[in-house]
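Q: Could you take a close look at one group of linked charged side chains and walk me through it?

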Amino acid sequence: MDQLAIDRWHMARALELARRGQGAVEPNPMVGCIVARGAELLGEGWHRRYGGPHAEIEALALARERARGATLYVTLEPCCHQGKTPPCSDAILKSGVRRVVAAMRDPFPAVDGGGFAQLQASGVEVVSGVLEAEAIALNEPYLTLLQTGMPWVIAKWAMTLDGKIATAQGDSRWISNERSRVIVHELRGRMDAIIVGRGTVEHDDPLLTARPEGPRRATRVVLDSLARIAVSSQLVRTARDWPVLIAVSAAAPEERCEALRQLGCEVFVCAGETYADRFRALLSEMGRRRWTNVVLEGGGKLLGEAFDQRLINEAHVFIAPKLSGGAGASSPIGGQGVTNMSQALPLRDATWREVNGDLYLSGRLPRDD
């Protein structure tokens, strides 16, 4: 096996390890690390939780003195600054590693090439770009937060075979099967926020929690310009136990906002004259809070607005083998939509799987670059 093949082999394993941190490390990136000599594995690790040891530290702790003269494979440039933990570049130099192979440079301003430069200045050989595309795909939410100041936005919906997310009367329980709903709860369990419009709360009175809980506890967010959400709704009644944020406009009556605050909800006033402006302001606030992944769970107005503004990054769709009909029944994405079918957005990296009879599609929308 030649050196490039060995490098790719170890990096593929490091990427597998990195994914294990999904939902637990954000707003930090997912990172995996291998210490090896040729094909021999000496140590491995991954970033397990926000504020915990970085992947390089875990791998070097397993390799111990065997790391001297070995190669360290890491999915992201080692940090060179004091954050929640000491710089990984210092630990690498202390270990005596001879060569560092990274999948990609870290664009975080406190790193951004500095880790590579420090290692090279101390005589460590640095190779970057091994399985770079895979590493970028793994950490697109982290990179999006850095580049745009807004979180990675996932759109999720369940629909019938004829494209309905509810009947004309608004009933939607249940379109997808039980196993599909388990997957939804797993998705919720790694989100920073679950976002719906007030209409969804009125029709479905959802709880919007992950059951069982995942590595993150998502804030339940309702877009409600005039703060008209019912105080008897499940969301408001459970606000002291599980966080709720009501996103309102400047026109929301203060007495309604204060009543919601007294019941445990956070009220955030979104700047902007239009629904589109306020939605973008909400996402910007989430980015300021370093929320990395959020999911939109409906309804059609909210998803349509996000689609029209090209703010959806990823879609998770459950298609049930059912027909419901109804000219007035809701479809998943409202808004203006495209004018010509040639303008329709194709999903990239799309995958299909069957889930006890439902079809489950996930994929990412085109980048703007």
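A: Let's start with R364: it counts as buried because its relative accessibility is 15%, and buried means under 20% relative accessible area, exposed over 50%, partly exposed in between (1.4 Å probe, protein chains only). Before we go on, this is a predicted model, where local features need pLDDT of at least 70 and side-chain atom pairs count only at pLDDT 80 or more, while totals for chains, interfaces and linings use all residues. Residues are numbered from 1 along each chain as its sequence is written, and side-chain values use heavy atoms, leaving out hydrogens and water.

So who does R364 meet? Its side chain forms a salt bridge with E314, at 3.8 Å from N to O; a salt bridge is a side-chain nitrogen of Lys or Arg within 4 Å of a carboxyl oxygen of Asp or Glu. That pair links distant parts of the chain, with R364 in strand β14 and E314 in strand β12, 50 residues apart. Helices (H or I, at least four residues) and strands (E, at least two) are DSSP runs, numbered from the N terminus. E314 counts as buried too, at 11% relative accessibility.

Inside it, R348 pairs with E140, and their closest N and O atoms are 2.9 Å apart. Here again distant parts of the chain are joined: R348 is in strand β13 (residues 348-355) and E140 in helix α6 (residues 140-148), 208 residues apart. Both R348 and E140 are buried.
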